[in-house]
Amino acid sequence: MRVAVLSGGRSSEHQISLNSGASVADGLRAAGHDVIPVLLERDGRWTRDGEEIELRAGGGLLNAEVAFPVLHGPFGEDGTVQGLLECLDVPYVGPGVLAAAVAIDKLIFKRVLAFHDIPQVEFCEAGEDGWREQAATMGLPLWVKPARLGSSVGISKVSSLDRGLDEAVELAHRHDPRVIVEAHGAGKEVECSVIGNEVPRTSPPGEIVAHADWYDYEAKYSEGGMDLIVPARIGEPETARVRELAARAFRAVDGSGLARCDFFVRESGEVLVNEMNTIPGFTSTSVFAKLFEADGLPYPELCDRLVQLALERYESNRRFRF
């Protein structure tokens, strides 16, 4: 099968996406697929082998049967590219427009979780009525984040309401007009991978041990910045709860294909959802893939399964008349 792997992108995660794209291409080739590498350049052009290409409805995507986006952050993981692929009538791996747009916006995602009674840390939106008073009730430290960025860009840890809160909001506003203020999520940082469409499959949870004050950009992407412990050092009830909540959050946003759900597991055993990435870092050594590898699903088989899920969703959606 011919699969167009879409990487690059216009966000700050351009190089991370390129690394994911190369790894996915290797995994697909190992599974027997023909791969067409397609780059979304920073200026918005789509290229193959350095040559600009035209995307048009009815012509597919370079005659590929499936597109496999590994575009992280804005302009790729937020529903924009997914909407383009819908218009082109191309089956594609990963979330649809709704799931991508909801999950990347931390404020909307957390409000959806609240509607579904899924436990999480307290939060408010900077600038909304009474937000300072609400933030003052959430304890310290607080975390201030752009609502729609990933990779810990623009995030600040605030240890005093009198010093640092306004500066943290100003920093986050440089990246996004929507800013979220969150209570501290004490406990172990645990992640769980999900694949599937209507019936999601969850991985064994893994525990993140960051070699830094917190799991920032350097800890995520620098060699030796973090360790992944699989399975996570939590009890059986907490493990079951993490997997249950990962599947519930996935269904709550109408997820499809894949996602990685992040949690805090407190010493009391309480499990809180932190956030969800609908196109997580996707190399053979990334957390998403390593968690499924621990569950007996090798990387090439994982890549192949995601292609099959894309085709299944495409055929299912085309049964409806719009």
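**Close-up views of cavities, a pocket and aromatic contacts**

**View 1. Lining of the second largest cavity.** Tyr-92, Val-93, Gly-94, Asn-197, Gly-257, Leu-306, Leu-309, Ala-310 and Arg-313 form the lining of the second largest cavity. The model shown here and in the other views is predicted. The space inside this cavity is about 30 Å³. Helix α10 supplies the largest share of the lining, 4 residues. By class, the lining residues are 5 nonpolar, 3 polar and 1 charged. The search gives 2 cavities of 30 Å³ or more.

**View 2. Lining of the largest cavity.** The largest cavity holds about 60 Å³ of space. Its lining is made by Leu-85, Glu-86, Val-90, Pro-91, Tyr-92, Ala-310, Arg-313, Tyr-314, Asn-317 and Arg-318. Helix α10 gives the most, with 4 residues. The lining counts 6 nonpolar, 1 polar and 3 charged residues. Tyr-92, Ala-310 and Arg-313 belong to this lining and also to that of the second largest cavity.

**View 3. The second largest pocket.** This pocket has a volume of about 310 Å³. Its lining comprises 16 residues, and those closest to the pocket centre are Asp-254, Gly-255, Ser-256, Arg-313 and Asn-317. Helices α3 (97-104), α8 (236-252) and α10 each give two or more residues to the lining. The lining divides into 5 nonpolar, 6 polar and 5 charged residues. Arg-313 and Asn-317, listed here by the pocket centre, also line the largest cavity.

**View 4. Arginines over aromatic rings.** Two contacts are shown. Arg-313 lies over the face of Tyr-92, 4.4 Å from the ring centre. Both partners line the largest cavity, and both line the second largest cavity as well. In the other contact, the charged end of Arg-10 sits over the ring of Phe-75, at 4.4 Å from its centre.

**View 5. A tilted phenylalanine pair.** Across the whole structure, 4 aromatic pairs are found. In one of them, the ring centres of Phe-282 and Phe-288 are 5.3 Å apart and the planes meet at 45 degrees, so the pair is tilted. Phe-282 is buried, at 1% relative accessibility. Phe-288 is buried too, at 0%.

View 6. Phe-292 has 0% relative accessibility and counts as buried.

**View 7. The aromatic cluster.** Which residues do the ring pairs link into a cluster? They are Phe-68, Phe-282, Phe-288, Phe-292 and Tyr-299.

Notes. Residues are numbered from 1 along each chain as its sequence is written. This is a predicted model: local features need pLDDT of at least 70, side-chain atom pairs count only at pLDDT 80 or more; totals for chains, interfaces and linings use all residues. Side-chain values use heavy atoms; hydrogens and water are left out. Rings of Phe, Tyr and Trp (its six-membered ring) pair if their centres lie within 6.5 Å; planes under 30 degrees apart count as stacked, over 60 as edge-to-face and the rest as tilted. Buried means under 20% relative accessible area, exposed over 50%, partly exposed in between (1.4 Å probe, protein chains only). A charge sits over a ring if NZ of Lys or CZ of Arg is within 6 Å of the ring centre and within 35 degrees of the ring normal. On a 1 Å grid over the protein atoms alone, a cavity is a set of points where a 1.4 Å probe fits but cannot get out, and a pocket is an open set with protein on both sides within 12 Å along at least five of seven lines; lining residues have an atom within 4 Å of a point. Grid points are joined across faces, edges and corners, and a volume is the space filled by probe spheres set on the points. Ala, Val, Leu, Ile, Met, Phe, Trp, Tyr, Cys and Pro count as nonpolar, Asp, Glu, Lys and Arg as charged, and the others, Gly among them, as polar.
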